[in-house]
Amino acid sequence: MTRMNYTFTSESVSEGHPDKVCDRISDAVLDAFLAEEPEARVAAETFATTNRVVIGGEVGLSDQDKLHDYMGKIDEITRACIKDIGYEQDKFHHETVEVTNLLHEQSAHIAQGVDASGDKDEGAGDQGIMFGFATNETDALMPAPIQYSHAILRRLAEVRKNGTEPALGPDAKSQLSVVYEGGKPVGVSSLVLSTQHLDESLTSADIRALVEPYIRETLPEGWLTDATVWHVNPTGKFVIGGPDGDAGLTGRKIIVDTYGGAAPHGGGAFSGKDPTKVDRSAAYAARYLAKNVVAAGMAEKCTIQLSYAIGVSKPLSIYADTHGTGEVDAAAIEKAIDQVMDLTPRGIRSHLGLNKPIYQRTAAYGHFGRDPEADGGFSWERTDLAEALKKAV
């Protein structure tokens with residue numbers, strides 16, 4: 001039986017976290033290539049440490065001359081990301097950081113399995129399992145702990161970057177322990193926030209006084225009480241942040257990127273991968289399907305799993321779990337999903353419009369639970385499939 005009364009904890013990290021700096025750069029490289037050619041192939045990995053950024057992986061354009069030209073833009077793209085995030089530290093500065101570009105052309109052996117040819121449809125870019133999840137406990141149909149952990153850091157980033165709170169630095173982490181009663185979130189038992197600050201004289205108490213009003217305005221009314229335990233910069237000063245304080249790497253924050261541990265994860269990271277890679281596109285499709293199942297009123301909570309083989313177009317399996325909240329049988333949902341959406345890599349990209357430069361904005365504060373945007377960003381957050389699913393069931 002599903003537990004109804006419990007406490008669940010999730011964390012988020014800011015755009016200035018070392019791993020998120022790397023995710024941002026990898027996705028910026030991806031966007032640059034997709035802006036040139038919607039069918040571009042990219043798998044970009046970034047490593048960052050003190051005064052240094054290294055970018056490697058594979059890229060592919062149909063025009064080899066343009067590929068060479070774009071290779072020369074990687075340095076500019078990297079510095080623009082670091083500048084926008086806000087790093088101007090002595091040992092990690094957008095103007096002085098050393099950028100090493102080790103990107104190379106996509107492997108022909110991978111390409112032959114993925115590309116369409118003759119009677120062969122385009123295949124998945126890799127084998128793997130992908131999960132999507134949705135729950136009606138928040139308006140965004142996301143788990144409350146991760147949704148509000150993101151929201152706190154987004155709000156602090158806003159006031160840092162618009163000049164309202166110039167003492168704040170780019171690097172930060174949040175963590176919320178949310179109390180559930182009757183299966184619904186009702187409050188916060190403990191809150192952890194560690195944020196970089198540029199003024200060395202500030203104490204933990206000073207930082208709490210600075211951030212508390214923004215946290216209170218972000219969380220639902222009544223969730224913070226006298227019983228809530230606060231830990232703000234619990235280790236004391238936090239002046240040296242970002243890759244100067246700790247090395248960063250693309251793809252190390254997959255739980256932060258998804259559901260904060262409230263749902264399974266197939267293991268594949270998202271950032272830096274073009275949408276032929278089902279690690280990314282099929283995870284987006286699974287979230288889209290799970291969200292539409294819940295939006296259709298067929299369940300209060302839903303997990304969708306998809307699986308793929310490299311070079312094979314159709315998914316090997318579709319699995320649905322409504323966690324005891326379903327209004328219809330899970331097997332019927334699986335059949336309906338197969339009817340209403342083409343889950344081949346090309347079908348997913350076409351349905352969700354993924355061959356666009358829309359990925360840099362996903363690199364921080366979660367890939368899910370965001371509002372769909374007019375240019376196609378976060379298209380997987382739409383609920384336009386709900387009626388089709390209901391009819392199919």
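1. Helices α8 and α10. In this predicted model, helix α8 (residues 278-295) and helix α10 (residues 345-352) have axes that come within 10 Å and cross at roughly 60°. That angle makes α8 oblique to α10. The crossing of the two helices is left-handed. On the α8 side, the contact is made by Val278, Ser281, Ala282, Tyr284, Ala285 and Tyr288. On the α10 side, Pro345, Ile348, His351 and Leu352 take part. Sorted by class, the contact of α8 with α10 has eight nonpolar residues, two polar residues and no charged residues.

2. Helices α5 and α6. A further helix pair is formed by α5 (residues 144-161) and α6 (residues 204-218), whose axes come within 9 Å and cross at roughly 130°. The two helices are therefore oblique to each other, and α5 passes α6 in a right-handed crossing. From α5, the residues in contact are Tyr148, Ala151, Ile152, Arg155, Leu156 and Val159. Their counterparts in α6 are Val211, Tyr214, Ile215, Glu217 and Thr218. By class, this contact of α5 with α6 has eight nonpolar, one polar and two charged residues.

3. A search of the whole structure finds zero disulfides. For Cys22, the closest cysteine sulfur is that of Cys81, and the separation of 11 Å is too far for a bond. The criterion for a disulfide is a pair of cysteine sulfur atoms within 2.5 Å. Cys81 is likewise in no disulfide, its nearest cysteine sulfur being that of Cys22 at 11 Å. As for accessibility, Cys22 is buried, with a relative accessible area of 0%. Cys81 is also buried, at a relative accessible area of 2%.

4. Asn233. The phi angle of Asn233 is near 45°, which is a positive value in a residue other than glycine. Asn233 is located in the loop between β10 (229-232) and β11 (248-249). With a relative accessible area of 2%, Asn233 is buried.

5. Tyr365. Positive phi is also found at Tyr365, where the angle is about 70° although the residue is not a glycine. Tyr365 belongs to the loop between α10 and α11 (386-392). Its relative accessible area is 7%, and Tyr365 is accordingly classed as buried.

6. Ser190. This residue lies in strand β9 (residues 184-197). Ser190 has a relative accessibility of 18% and counts as buried, the cut-off being under 20%. When neighbours within four places in sequence are left aside, Ser190 is in contact with Gln175, Leu176, Ser177, Thr228 and Val229.

7. Met71. Helix α2 (residues 64-71) contains Met71. Not counting residues up to four places away in sequence, Met71 touches Val59, Asn101, Leu103 and His104.

Key. Residues numbered from 1 in each chain as written. Predicted model: local features only at pLDDT ≥ 70, side-chain atom pairs only at ≥ 80, totals over all residues. Heavy atoms only, no water. Axes fitted to C-alpha atoms, helices over the stretch in contact; angles between N-to-C directions. Helix = DSSP H or I, 4+ residues; strand = E, 2+ residues; numbered from the N terminus. Parallel < 35°, antiparallel > 145°, perpendicular 65-115°, else oblique. Left-handed = near helix turned anticlockwise from the far one by under 90°. Contact = heavy atoms within 4.5 Å. Nonpolar A, V, L, I, M, F, W, Y, C, P; charged D, E, K, R; others polar. Buried < 20%, exposed > 50% of the residue type's maximum accessible area, 1.4 Å probe, protein only.
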